[in-house]
Amino acid sequence: MSDQALKIGMIGLDTSHVTAFSDLLNNKDNTYHVPGGKVIVAYPGGSADFELSYSRVENFTKELKEKYDVQIVDSPEAVAEQSDVVLLESVDGRVHLELFKRIVQYGKPVFIDKPMAVSYSDAEEIFRLANENNIPIMSCSSLRYAEGLQAVLADDQHGDIFGIDCYGPLAMQETQPGLFWYGIHTVEMLFRALGTGCVEVRSVTNEDHDLIVGTWADGRIGTIRGNRKANHQFGAVVHRDKGSQFVDVYAHAKPYYASMLEKIMVLFQTGKADIDQAETLQIIRFIEAANESRKTGQTVKL
């Protein structure tokens, strides 16, 4: 990529990330302005059977057009044609593979907002198509880049990490199976700390809470506590050889999505993703396994 500002296109205007990203990129007065590109074109999209998608498209589209002077077009292909890079933002993970297929021919670097897909097979196919066409690609939740989490993981004075207990809200949406809707945030925190190597998952669930336990091949254990009542904040405790560290993801004023967008711009500018594809695929498989265990109560092998 050249040193000139990248022309950024957006596909799917049904999430608050579209306005948040547009302000960080297009508004130089934003405290956490991310340089290097400008959102110039977007396709609204939306899923007719998902209320949290179709109900938000109109207002976000209007804001992008009127506040950020973004051109609104009638197809994903038109976005890819007019941009250097693409933010695939559709809140509905079911449509990501289909949308990616429509723009893969243009060869533009793509960031796919969480979840990359709501099945391992879809995620695997997205990566296959991206690799076949030499397209730089990345997908993740912003929680993995929360400043509070990054600071704790970088502070290794207490020795090696042997586990992490993550917690956060776990609302359910019928069209986004189980943990794919909100659980992906805590799953990303879990894998940011422990990396790949999870071999089995077991879930305990009731109406109000879930507890998901992952076991790694080397004996490390990571947990996720998902809440549908009472505490709806995110956080974690990292366990090390010489002590445990509390992760306060709210301790820093910088939004998670600003930290994530900086990594996305590195992808767009260099073609190098900050996250290995194998890790993203295992995150999707972990969620599938956790969802299966929620239904059966049994331990599920990855």
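How are α1 and α9 oriented to each other? I looked this up in a predicted model, where local features need pLDDT of at least 70, side-chain atom pairs count only at pLDDT 80 or more, and totals for chains, interfaces and linings use all residues. Numbering starts from 1 along each chain as its sequence is written, and side-chain values use heavy atoms, with hydrogens and water left out.

**Entry 1: α1 and α9**

I took helices (H or I, at least four residues) and strands (E, at least two) as DSSP runs, numbered from the N terminus. The axes of α1 (residues 17-26) and α9 (residues 256-270) come within 11 Å and cross at roughly 70°. Axes here are lines fitted to C-alpha atoms, for helices over the stretch in contact, and angles run from 0 to 180 degrees between N-to-C directions. The two helices are therefore roughly perpendicular to each other. For that wording, 65 to 115 degrees counts as roughly perpendicular, under 35 as roughly parallel, over 145 as roughly antiparallel and the rest as oblique.

I then listed the contact (heavy atoms within 4.5 Å). His 17, Ala 20, Phe 21, Leu 24 and Leu 25 of α1 meet Tyr 257, Ala 258, Met 260, Leu 261, Ile 264 and Met 265 of α9. By class I found ten nonpolar residues, one polar and no charged. Ala, Val, Leu, Ile, Met, Phe, Trp, Tyr, Cys and Pro count as nonpolar, Asp, Glu, Lys and Arg as charged, and the others, Gly among them, as polar.

**Entry 2: the sheet**

I traced an open sheet of six strands in the order β3-β2-β1-β4-β5-β6, with parallel pairing. Strands pair if DSSP finds at least two bridges between them. β3 (71-72) and β6 (137-140) are at the edges with a single partner strand each, so one side of each has no neighbour in the sheet. β5 (residues 110-113) runs parallel to β6 and is joined to β6 by four bridges. Asp 113 is opposite Cys 140 in β6.

**Entry 3: α6 and α10**

α6 (residues 120-132) and α10 (residues 277-296) pack at about 165°, with axes 9 Å apart. That makes α6 roughly antiparallel to α10. From α6, the contact uses Tyr 120, Ala 123, Glu 124, Phe 127 and Asn 131. From α10 I noted Gln 277, Thr 280, Leu 281, Ile 284, Arg 285 and Glu 288. This contact has five nonpolar, three polar and three charged residues.

**Entry 4: the whole protein**

I counted ten helices and 13 strands. The C-alpha trace spans about 50 × 40 × 40 Å along its principal axes.
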